[in-house]
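Here is a friendly walk through one protein model, meant to be read with the structure open beside it.

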Amino acid sequence: MANLLKSKRFVVRQSLIGKDTNVEVSFKNGKIITYSHDKAFEVMKSALEAMNCWSKYKSYTATNNLPKVLRDSNAVIEVVESAEVEA
């Protein structure tokens, strides 16, 4: 069974690669997305390796949403839309 990491932002970290970790992200808009960290890394690998944040910090985060490249990929396990709309 995969480990579950709960977060308030999307994250890919080098330290989590190969650790069979699923990440559950609760975004500010109320949407909750669970994704496979390893599958997300594989989909984003070439883009990540070209980013300064990856070479410097070995990490990539996104605060407001899942990266577009992952939204329809097999990395996404579950999406729960918010029932509440913030004013």
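Leaving out residues up to four places away in sequence, L70 touches F10, A40, V43, M44, A75 and V76. Please keep in mind that this is a predicted model.

The largest nonpolar core has 19 residues, and F10, V12, Y35, M44, L48, L66 and L70 touch the most other members. Two or more residues of this core come from each of β2 (10-13), β3 (21-26), β4, α1 (37-49) and β5 (59-62). Helix α1 gives the largest share, four residues.

**A closer look at F10**

F10 belongs to strand β2. Is F10 buried or exposed? F10 counts as buried because its relative accessible area is 0%, where the cut-off for buried is under 20%. Neighbours within four places in sequence aside, F10 is in contact with V25, F27, Y35, M44, Y60, T61, A62, N65, L66, P67 and L70.

| Pair | Apart in sequence | C-alpha to C-alpha |
|---|---|---|
| F10 and T63 | 53 residues | 6.3 Å |
| E78 and V25 | 53 residues | 10 Å |

**Helix α1**

Where does α1 bend? The bend is at V43 and comes to about 55 degrees.

The buried residues of α1 are H37, A40, F41, M44 and L48. They pack against β2, β3, β4, α2 (52-57), β5 and α3 (68-71). As for its placement on the strands, α1 lies across β3 and β4 and runs at about 75 degrees to β4.

**The four-stranded sheet**

Next comes the sheet itself. Four strands form an open sheet in the order β1-β3-β4-β6, with mixed pairing. Its edge strands are β1 (3-7) and β6, each of which pairs on one side only. From one strand to the next, the twist averages 15 degrees.

How many bridges join β3 and β4? There are five bridges, and the two strands pair in the antiparallel sense. In this pairing V23 has Y35 of β4 as its bridge partner, and Y35 is also among the core residues that touch the most other members.

**T34 and E78**

T34 lies in strand β4 (residues 32-36), while E78 is found in strand β6 (residues 76-80). T34 is buried because its relative accessible area is 9%. E78 counts as partly exposed because its relative accessibility is 44%, which falls between the limits of 20% and 50%.

Their contacts can be set next to each other too, again without residues up to four places away in sequence. T34 touches L4, N22, V23, E24, A75, V76, I77 and E78. E78 is in contact with I32, I33 and T34.

How values were computed. Residues numbered from 1 in each chain as written. Predicted model: local features only at pLDDT ≥ 70, side-chain atom pairs only at ≥ 80, totals over all residues. Heavy atoms only, no water. Buried < 20%, exposed > 50% of the residue type's maximum accessible area, 1.4 Å probe, protein only. Contact = heavy atoms within 4.5 Å. Core = buried A, V, L, I, M, F, W, Y, C linked by side-chain atoms within 4.5 Å. Bend = angle between axes of the 7 residues up to and from the residue. Pairing = 2+ DSSP bridges. Axes fitted to C-alpha atoms, helices over the stretch in contact; angles between N-to-C directions.
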